[in-house]
Amino acid sequence: AVKERGRKGYSFFHHEMEERSLERSLLENELQKAIHLEQFHIDYQPKVDLATGQLTGMEALVRWIHPELGRIAPNKFIPIAEETGLIIPLGEWVLRKGCAQNKVWQNQGYPPLKLSVNLSARQFYQADLLDQIRDILDETGLEPQWLELEVTESIFADIDDAAVILQKIRNLGVNMSIDDFGTGYSSFSYIKHLPIDTLKIDASFIRDIHQNKESHAIVRAILSLAQTLNLNVIAEGVESTEQVAVLSEGGCHQAQGYLFSKPISSEHFEKMLQNTT
Ligand code: C2E
Ligand code: MG
Ligand code: MG
Ligand code: MG
């Protein structure tokens, strides 16, 4: 009986693995085509000033709607795009499209807003990143202070290399933010050597900040670090007024999350601009 169960367990596991790699190669294949077929679009999620409630910027978040498979979550396809290198053309597309859209809104007369675009490690270390950013700013006419790039702590595996690239990007006048901050390293001390502008506190600490002492303490530590190093700080994944109360009290003045708005289409975002400005 034991043997029987063992074998069943094995074949079930085996079957699941096969299915997973099948799904993976399917997505890989479809992802390759999706770039040419323009199956992607960008949603924009507002960032707000907690004191005034005012819009301070927005994050570009890529969306993939496959004609047969439907909506596929970034957490599913971005890792595949990173492993296969498809993130390079996809990331360039998001950057170009986002910058062009931001410039269109400025040209329409809305108050200028800072656009954040996520940059994966693979993009960060690509040889022609600097040229690519410069060309896109040139082409779209967007001034660099209205662009911010979000990178995760994963790029700091080689901290010296990372610092050199960060400095070059900032020399262009583009802002740099560390996304999902607090999840990557056990020590924050590496931060003081890096040319960055903003820390974005990971949503996992915000989720239970009003109930969990540890999360609260970590957020307070990040806020005090940001203050000491004179960095901007923003909380991501804010969903409740209880969380806002704790954040405001702790000196965090910027947030992004479902409480204010989910990521929305460019059309919807533009309607919001019309109504709030
Ligand atoms: P991220 O950069 O940390 O983006 C924040 C994620 O949290 C987004 O998920 C957003 O929709 C979600 N979110 C925002 N507010 C809330 C909230 O209040 N509650 C909850 N539960 N979630 C909230 P999304 O759009 O699914 O993206 C997931 C991740 O995929 C992003 O995490 C980012 O790492 C990656 N990603 C998305 N777009 C791009 C892109 O254009 N390029 C690259 N390289 N990565 C991207
Ligand atoms: Mg981000
Ligand atoms: Mg994040
Ligand atoms: Mg994240």
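Select Glu236 first: this residue is buried, with a relative accessible area of 12% (buried means under 20% relative accessible area, exposed over 50%, partly exposed in between, with a 1.4 Å probe and protein chains only). The model is predicted, so local features need pLDDT of at least 70 and side-chain atom pairs count only at pLDDT 80 or more, while totals for chains, interfaces and linings use all residues. Residues are numbered from 1 along each chain as its sequence is written, chains are lettered from A and ligands numbered from 1 in the order in which they are written, and side-chain values use heavy atoms, without hydrogens and water.

Next, display the magnesium ion (ligand 3). Its protein donors are Asp179 (OD), Asp180 (OD), Glu236 (OE) and Glu236 (OE), at 2.1 to 2.5 Å. Donors are N, O and S atoms within 2.8 Å of the metal (3.2 Å for Na, K and Ca); water is not among the atoms, so sites may look incomplete. Along the chain the donors of ligand 3 follow the spacing D-D-x55-E. Asp179 in strand 6 (residues 175–181) and Glu236 in strand 8 (residues 232–236) are 57 residues apart, a pair that links distant parts of the chain. Strands (E, at least two residues) and helices (H or I, at least four) are DSSP runs, numbered from the N terminus.

Now select Asp179, which is buried at a relative accessible area of 6%. Asp179 bridges the magnesium ions ligand 2 and ligand 3, which lie 4.0 Å apart.

Glu59 in strand 2 and Asp179 in strand 6 are 120 residues apart and link distant parts of the chain; both residues are buried.

Finally, select ligand 1. Strand 2 (55–66), helix 2 (74–84), helix 3 (87–107) and strand 6 each supply at least two residues of the shell around ligand 1. Strand 2 gives the most, with 4 residues.

- Arg63: an N or O atom of its side chain is 2.8 Å from an oxygen atom of ligand 1.
- Asp180: a polar side-chain atom lies 3.1 Å from an oxygen atom of ligand 1.
- Glu239: an N or O atom of its side chain is 2.5 Å from a nitrogen atom of ligand 1.

Key. Polar contact = N/O pair within 3.5 Å; in protein donor to acceptor, adjacent residues only side chain to side chain.
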